[in-house]
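Here are my notes for you, one point at a time. Keep the picture open while you read.

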Amino acid sequence: MTADNILGILIPFVGTTLGAAMVFVLRNTISENLQKTLTGFAAGVMVAASFWSLLEPALESSKGLGKLSFLPAAVGFLIGVGFLLLLDEITPHIHLDNQPEGPKSGLKRTTKLILAVTLHNIPEGMAVGVVYAGFLSGNAGITSAGALTLALGIAIQNFPEGAIVSMPLKAEGMSKGKTFLYGALSGAVEPIAALVTILAAGAVVPVMPYLLAFAAGAMMYVAVEELVPEMAEGEHSNLGTIAFSVGFVLMMVLDVALG
């Protein structure tokens, strides 16, 4: 791996860290409208990234299968959804709307919130890792610019996510330093997941389309299960939908223009 590749897998973590740093800038908790906007934007970026940066290269690299070229993408996508569903079921956590989920446990509420965001970050780290692995393996459908674009897109959507996890912790009375640290650490799993995926994918290049689609399915699960319901919750507002559209278009433009 080159220095550029290492920088690429660290970019999403930087996005989360900058978002967590909002505890030093924002005075109180995030308003409902701002949270809808941030969550909708993050959802739009994730949905666009799932297709343009992951599913499209998976389909492209499977063209040799002819009419069955959809098979790796379909199978990998469903396995990715199932993987996140399983994690949701076995890991004690709460959703971003602060509703309890997962098995009962004695964990503190703050711990469950950090676990929830960490769960979100696993597929994002895997997505960056599998794209870089595809590039390093010489996959014709993936370029260095395309891999960097995905990393940048995820970093952009990680910014609001970092703020969404750190601000509630601050509202509960935790010091700014601790809330920033916990918010930043929730994103530390991303470069780890990316690196593990790169190391694993390097030995199984033939199943690269499945891995790309797996990451897409996992990211889509997070968007549909967590982010979209959150942006539509409470008093009716179009802010979440507008922000979703902006996030989707931004990620699409980045991927097509830079990829």
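Leaving aside its neighbours within four places in sequence, which residues is P191 in contact with?

1. Before the answer, some ground rules. This is a predicted model, where local features need pLDDT of at least 70 and side-chain atom pairs count only at pLDDT 80 or more, while totals for chains, interfaces and linings use all residues. Residues are numbered from 1 along each chain as its sequence is written, and side-chain values use heavy atoms, with hydrogens and water left out.

2. Now for P191. Neighbours within four places in sequence aside, P191 is in contact with I9, L10 and F13; contact here means heavy atoms within 4.5 Å. P191 sits in helix α7 and is buried, at a relative accessible area of 13%. "Buried" means under 20% relative accessible area, "exposed" over 50%, and "partly exposed" in between, using a 1.4 Å probe and protein chains only.

3. Step back to the whole chain. Of the 259 residues, 50% count as buried. Take the contacts between residues at least 6 apart in sequence: 81% of them join residues at least 24 apart. The chain exposes about 11500 Å², and carbon and sulfur atoms supply 70% of that; accessible areas come from the Shrake-Rupley method with a 1.4 Å probe, and for residues only the protein chains shown count as cover.

4. Next, look inside. The largest nonpolar core has 43 residues, and L54, A127, V130, V131, L150, L212 and M219 are those with the most contacts inside it. The elements giving two or more residues to this core are α1 (3-20), α2 (32-60), α3 (71-90), α4 (109-136), α5 (144-171), α7 (189-201), α8 (208-232) and α9 (239-258). Helix α8 supplies the largest share, 12 residues. For the record, a nonpolar core is a set of buried Ala, Val, Leu, Ile, Met, Phe, Trp, Tyr and Cys residues joined through side-chain atoms within 4.5 Å. In soluble globular proteins, nonpolar side chains tend to be buried together.

5. Not counting residues up to four places away in sequence, L54 touches A49, A127, V130, V131, L150, L212, A215, A216 and M219.

6. What about α6? In this helix (residues 176-185), T179, G183 and A184 are buried. Seen down the axis of α6, these buried residues fall within an arc of 125°, so they line one face of the helix; the arc is that of the directions from the helix axis to the C-beta atoms. The buried residues of α6 pack against α1 and α5.

7. Aromatic pairs: the structure holds 3 of them. F24 and F180 make a tilted pair, 5.6 Å centre to centre with 55° between the planes. F24 lies in the loop between α1 and α2 and F180 in helix α6, so the pair ties together parts that are 156 residues apart in sequence. F24 is partly exposed at 46% relative accessible area, and F180 also counts as partly exposed, at 25%. F51 and W52 form an edge-to-face pair, 5.1 Å centre to centre with 80° between the planes. The rule: rings of Phe, Tyr and Trp (its six-membered ring) pair if their centres lie within 6.5 Å, and planes under 30 degrees apart count as stacked, over 60 as edge-to-face and the rest as tilted.

8. Last, a couple of charged residues. The structure holds 1 salt bridge, a side-chain nitrogen of Lys or Arg within 4 Å of a carboxyl oxygen of Asp or Glu. The side chains of K63 and E60 form it, at 3.3 Å from N to O. K63 is exposed at 56% relative accessible area, whereas E60 is partly exposed at 40%.

Definitions and conventions:
Helix = DSSP H or I, 4+ residues; strand = E, 2+ residues; numbered from the N terminus.
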